[in-house]
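This report describes the strands, a helix, a pocket and selected residues of one structure. The sequence and the model are shown first.

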Amino acid sequence: MCLPSDFLQQSAPEYSAEERFQLLTIARQTIDAALHNKELTLLAPSEHLAENRAAFTTLHLEGHLRGCVGYVVPEHPLYRTVAETAFAAAFYDRRFVPVGVEEASRLALQISVLSPVQPISPEDVEVGQHGLIVSVGQQRGLLLPQVPIEQGWDRLTFLEQTCRKAGLSPDAWRNGAKLEAFTAEVFSE
């Protein structure tokens with residue numbers, strides 16, 4: 001199955017510099033409020049940011065991954081999704097101990113707002129353009145579009161690593177695994 005041609009087109013950013021700043025601020029304030037046991041009241045900054053969207057929040061500390069959690073399905077308004085994923089990335093990513101007060105100010109935050117997920121053929125996967133989801137039954141692995149660029153992977157390695165993330169053999173994408181792709185608007189502090 002192939003993606004519609006408009007899915008593959010690079011387009012102008014959907015979110016303005018001000019909206020990006022607002023979302024990054026929400027993520028930062030959510031983490032800081034949790035660390036200091038303060039309640040944070042969130043209000044929709046705009047109608048655009050109140051639209052239901054899927055997103056991931058990624059945390060880096062001194063250039064290294066420190067947490068990454070997100071939603072693939074748009075279940076909540078984007079501003080709320082960002083708050084929830086920032087909180088989860090800081091305190092509930094099972095790969096890491098919870099973020100401590102001493103490291104919070106040194107975290108670099110990155111937000112990836114996802115497009116809808118679409119089926120894709122392996123030959124149509126474009127490194128740097130697509131994020132991937134590989135699944136077989138209950139096993140599922142997801143890698144954001146920026147990951148293969150950061151790691152210096154080609155398309156084949158990207159497919160194999162997404163399979164490994166799902167706990168599958170590296171060639172599962174050749175043997176009936178379901179392949180889906182999405183694009184993402186990615187921005188950082």
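## The antiparallel sheet

V134 stands opposite L179 in β7. The model is a predicted one, in which local features need pLDDT of at least 70 and side-chain atom pairs count only at pLDDT 80 or more, while totals for chains, interfaces and linings use all residues. Residues are numbered from 1 along each chain as its sequence is written, and side-chain values use heavy atoms, with hydrogens and water left out. Strands (E, at least two residues) and helices (H or I, at least four residues) are DSSP runs, numbered from the N terminus.

β5 and β7 run antiparallel and are joined by 5 bridges. Another 5 bridges join β5 to β6, again in an antiparallel arrangement, and here L132 has L143 of β6 as its bridge partner. The open sheet consists of 4 strands in the order β4-β7-β5-β6, with antiparallel pairing; two strands pair if DSSP finds at least two bridges between them. β4 (118-119) and β6 are the edge strands, each pairing on one side only. Strands of a sheet pair through backbone hydrogen bonds, either parallel or antiparallel.

β5 is mostly covered, with 5 of its 6 residues buried. Buried means under 20% relative accessible area, exposed over 50%, and partly exposed in between, for a 1.4 Å probe and protein chains only. The hairpin of β5 and β6 has 2 residues between the strands, and G137 takes a positive phi near 60° in this hairpin.

## Helix α6 and its covered face

Helix α6 spans residues 155-165, and F158, L159, T162 and C163 are buried in it. These residues lie on the same side of α6, because they cover an arc of only 135° around the axis; the arc is that of the directions from the helix axis to the C-beta atoms. An α-helix has 3.6 residues a turn, so residues three or four places apart point the same way.

The cover over the buried residues of α6 includes β5 (131-136), β6, α5 and β7 (178-182). Just after α6, G167 takes a positive phi of about 80°.

## The largest pocket

The largest pocket holds about 760 Å³ of space. Grid points are joined across faces, edges and corners, and the volume is the space filled by probe spheres set on the points.

The lining of this pocket comprises 24 residues, of which F56, C68, R95, L142 and K165 lie nearest its centre. At least two lining residues come from each of β1 (54-61), β2 (64-70), β6 (139-143) and α5 (146-151). By class, the lining has 11 nonpolar, 7 polar and 6 charged residues. In this scheme Ala, Val, Leu, Ile, Met, Phe, Trp, Tyr, Cys and Pro are nonpolar, Asp, Glu, Lys and Arg are charged, and the others, Gly among them, are polar.

## H60 in strand β1

H60 is found in strand β1 and counts as buried because its relative accessibility is 18%. Apart from neighbours within four places in sequence, H60 is in contact with L65, R66, R106, L107, A108 and Q110, where contact means heavy atoms within 4.5 Å. H60 and A108 are 48 residues apart along the chain, and their C-alpha atoms are separated by 5.1 Å.

## Exposed residues and positive phi

Most residues other than glycine have a negative phi. N37, a residue other than glycine, has a positive phi near 50°. N37 is placed in the loop between α2 (17-35) and β1 and is exposed, with a relative accessible area of 74%. E62 is likewise not a glycine and has a positive phi of about 55°. E62 lies in the loop between β1 and β2 and counts as exposed at 59% relative accessibility.

A17, in helix α2, is exposed, with a relative accessible area of 63%. The C-alpha atoms of A17 and L114 are separated by 17 Å, and the two residues are 97 residues apart along the chain.

Notes: 1 Å grid on protein atoms, 1.4 Å probe; cavity = no way out; pocket = protein on both sides within 12 Å on 5 of 7 lines; lining within 4 Å.
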